[in-house]
Amino acid sequence: MGKRSAIFLSIILAVCLSISGLSSSSFAKEVAYLSLADYTGPIAGLNVPGDMGLEDVLKETNAKGGVDGVKIKFIGIDTRYDVARAVSAYKRYRRTPRLLVVNSISTGIGKAVARLIERDKRLQLVPGDGEFQAHIQRTFIWGPAYQDAFAATLDWIMDDWKAKGKSGAPVVGYLSWDNPYGREHLRGGKEYAAKLGIKFLPPEFFPPGTLKHDVYLTRLAKAGAHYIHAGGVDPTPTNVIRDAYALGITKKIQMTTDYWGPTALGIGVHAKALEGTVITSFYQRGDESRNNPFVADLWKKYRGSMAKFNEVYGMGMSWGMTYVAALKVALKTVGYDKLTPDDMYKAYQKITGFDKQGIQGACAYSPTSRRGSLEVKIYRVKNGKIVPITGWRKAPDAVSLHKF
Amino acid sequence: MRPCGVFDKSYGLDIAIIRTWQHWVILISALILLFLFPLFGSYYIISFMNYLAISVIVGLGLQIVSGYCGQISFGQAAFMAIGAYTSAVLTIKFGVSFWIALPLSGIMAGLVGIIGGAPSLRIKGMYLAMATIAIHFVVIWLILHMEITGSFKGLFPPPPSLGGFEFDTDERMFYIIMTVMVIMTYAARNLVRSKVGRAFVAIRDNDLAGEVMGVNLYYYKLLAFFVSCFYAGIAGSLWGHLITVVNSEQFTLMHALEYIGMLIIGGMGSIPGVFFGVLFIRILNELVMFTSPLLAKAVPWLGSSPAAALGLVAFGLALIIFLIFEPRGLAHRWEIFKASYRLYPFAY
Amino acid sequence: MIEFLQQAITGMMIGSLYALVAAAIVLVYKSTHVVSLAHGQLVAFGALFFWLFIGGLGLPFWVGIIPAFVLTALIGLLIERLTLRPLIGQPLIAAFLMTFAIFLVLEGVFVLYLKGETRTLPAFLPEGNMDISGISVPINQFIGFLAALFLFAALSLIFKYTKIGLGMRATAEDHRLAQGTGITVRNIFSYIWVLSAIVAVVAGIATANVMDIYYMLPYIGISGLIVAICGGLDSLLGALVVGLLLGVVENVGAAYLDPLVGGGVKDVAAYVVLLLVLLIRPYGLFGLVRIERI
């Protein structure tokens, strides 16, 4: 055996040994939560802080002795936005004892896993596609559907239009990623715009990672848009609005974003460009979230300084809180020994109205609703801060307007 | 692979793939074991083997075009998508049975592959590789923007059924996928040692010399692309009916690059190499995916996301190590083992 | 007409970024014949290092850019020395796959550091728009554009008038002949990776100026590679011309074709251009046509 092969084999051996050396511990009474998240891919900016919040809530619950003595195990799998990986991961864990909830942090993954979820009589969470509300099954969404939140934005646009004392109908432009997510808002959103009498311009789509969005913005501006809705997961909306600002469009046209729009972290640096942007969010943003003692205390306890605080952390916390609340209900009805994922599915439908400490509107899961909450809040960027301009308000049901 | 002292006494023996009765025993018992596996194997291993087998089919196709014919292709994921979509469209919109849609999706992917391989008539090497990347993006773009493919909504192909029996679980699909894989492996093994296979190797080693010796370059290059994409299409169809949902986000350039990585690690120009490569990369991927939560637990200050990032590093490092220390891939190790088996008990 | 020009100019500003990345790739190819996929990461790391010193430590521009150059050049050197030199003598496709592997490793490190967050360069260039007879051009991008042009000029001067440049040109022509004339080809390889990394840093800073530093940043390497191949892998002029052209084509295509096909032209414009160029002129628009013999 040559020197090279010796090095080669020893490297492989070392890797195998180091991998097999790691092993997990387990508690006596334990339930599991599986997160199929993209920690290293295009939407990591959303998933990483989200799962941090969730993990901390679970840690905190476990530290306090769990739910009636039952501890919760968090399993976080990095899917890299890849469906094949995620499906494989789900198959790996689907026989985990008492795996009650799967959170698929990408709708594409959620759709691929959905069939298995039905068969396993389990419960799945996915971001916000209205489809899951239209066809009621075992897949739940985090908050109001994308089209609901978009409709709430349109409502606000109408209010704003009237408040400015303008007559006629506002013209609204829409630009977003050229992928399934980017088009979801329009399924129902478009119908809602027609219902309000809003003139809706042909939507614009661009690939994620586009350097400049000038073409789309100028086209929408030229078509006479009064409002432009910038889709995409941050930092995309931030970059779109930066471009709009550089073009001088933001002076005349009001920019809006959905709930994946800019967070306080990004706004700090681009304060000037983002000034005046309207964000429709179903979870608390900006200082409101930072000053929510419930959120801030947990962050300080597990993550330290508030300098790097991201509001999506709060949204992640609400996943954990919902899980704990439903687990309580499920344990009360069937007890730990007989607990199956199906009981958790039933429990999720029973926690309607459960209070999320102000992070979000009240829980809206019910036998007829797959929405995590019905309310949204409209925020606006003012002097580099995200300030709420409305209270929690009910997002209109745009899902029912579209034929799925 | 044969032990010392076994000689070929007839032409038939010389060209046989399986040469001794021991091999027949091993082969048949291995096949029986494979097909009985769902009876006792764990669910996860079965579904993982399904995924491995589908990857093997794609890898075999890539081995033919890249490993044997020397035309590096990064389009394999896109051709897999074409197969998956063809099969889905045929079964959903035209009510064609899966058993007919399966070969048709292979042929469809193969035909598109001929168009995709057309640049190989003028360009080669790096340039061709880049052209196939371009083809990948054009195909995926078309899928996302056409009505028939369900655009962004994707398609939901039904599980295959035979006389009322639904192949709707991983255990049941296992039989279809494994049968197809065995047939495809046998076909590939035979193809590469036929006249066609020798022509492919001639093109790979030196296309100009091959042409001078009478190999019709255009014909064989396009044939290589057709066969390779046929394999990808078949794999795509199986994949679509296995997970019963296809959308444009399932087929990424990253997958195509992974398949090339499999060939590197398994060994270019070797059919067993495909198996080694697929096993290595897929198992590495799974290990990385499932150890990162453990790693995050063992080293809490690291957090979940960085542990996941280390997975990327591991994949990259594995490729680097193989490229430097074992450029001929695991198949080379296998050859060495075979040689020593043949010579045993003599040194050489 | 004004609108068309406006779109063209906007595209050209973006195109200059592609051209810079392509230049870095062309430099490496010219003398080592390695087509690099790893440059997207060099670009990202260049921007990240620059951010560390400017945004993180708050150093002034000219002080901060030097350690960014040094650190990125170091990465370039390490890539060359540790991973590509052992591959000398192997097929070029192996080197290409090696650069892909490097891309993966560096991407791992990149996301390991970023943890899904975004970094933004502080505004170190004047903001606002210039107005040239009805066409508005953002000043900071225009400065980036000028920097790109300047860099291209500097590179061609280096190649033409310095001794190292002469060595690089000789190496590009034929490794063995160059070795025979007393040039240490290995050193040239190292120099070229350093030079290329420096160009990548400039590209990274210019890009991060337009788009934040996040997950998608390294993927500009693919656009750069497309430009390098369309322009001809060994032609700096090709990188510049095609880079600018591609920016224009993407932008103008998105402006005029999007309404016809229902959007999304920008996703594929570059790839369609690449296919067309490869079919019509396989060695790129400005590339050297190599005649093969048996």
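**Close-up views of a predicted model**

View 1. Within helix H14 (residues 293-303) of chain A, the buried residues shown are A:Val295, A:Leu298 and A:Trp299. They line one face of the helix, because their directions fall within an arc of 100 degrees when seen down the axis of H14(A). The other side of H14(A) carries the exposed residues A:Pro293, A:Asp297, A:Lys300 and A:Lys301. Just after H14(A) comes A:Gly304, which adopts a positive phi of about 85 degrees.

**View 2. The two domains of chain A.** The domain assignment divides chain A into domain 1 (26-144 + 289-373) and domain 2 (146-281 + 375-401). A distance of 28 Å separates the C-alpha centres of domain 1 of chain A and domain 2 of chain A. To their contact, domain 1 of chain A gives 18 residues and domain 2 of chain A gives 23 residues. On the side of domain 1 of chain A that touches domain 2 of chain A, the elements that supply two or more residues are H2, H4 and helix H5 (131-134) of chain A. By class, this side of domain 1 of chain A consists of 6 nonpolar, 10 polar and 2 charged residues.

**View 3. Contact between chain A and chain B.** Here, 34 residues of chain A are in contact with 36 residues of chain B. On the side of chain A that touches chain B, two or more residues come from each of helix H1 (3-21), helix H2 (44-63), strand E2 (71-78), helix H3 (83-93), helix H4 (107-120) and helix H7 (180-184) of chain A. H3(A) provides the largest share of this side, 8 residues. Sorted by class, the side of chain A that touches chain B holds 16 nonpolar, 7 polar and 11 charged residues.

**View 4. The largest nonpolar core.** The largest nonpolar core has 352 residues, of which B:Ile57, B:Ala81, C:Leu20, C:Ala23, C:Val199 and C:Leu274 touch the most other members. Both domain 1 (26-144 + 289-373) and domain 2 (146-281 + 375-401) of chain A give residues to this core, so the core lies between them. In soluble globular proteins, nonpolar side chains tend to be buried together. When neighbours within four places in sequence are left aside, C:Ala23 is in contact with C:Phe152, C:Leu155, C:Val199, C:Leu236 and C:Ala239.

Methods. Residues numbered from 1 in each chain as written. Chains lettered and ligands numbered in written order. Predicted model: local features only at pLDDT ≥ 70, side-chain atom pairs only at ≥ 80, totals over all residues. Contact = placed C-beta atoms within 7 Å. Helix = DSSP H or I, 4+ residues; strand = E, 2+ residues; numbered from the N terminus. Nonpolar A, V, L, I, M, F, W, Y, C, P; charged D, E, K, R; others polar. Domains from an automatic or database assignment. Buried ≥ 20, exposed ≤ 12 C-beta atoms within 10 Å, placed from the backbone. Arc of directions from axis to C-beta. Core = buried A, V, L, I, M, F, W, Y, C linked by C-beta atoms within 7 Å.
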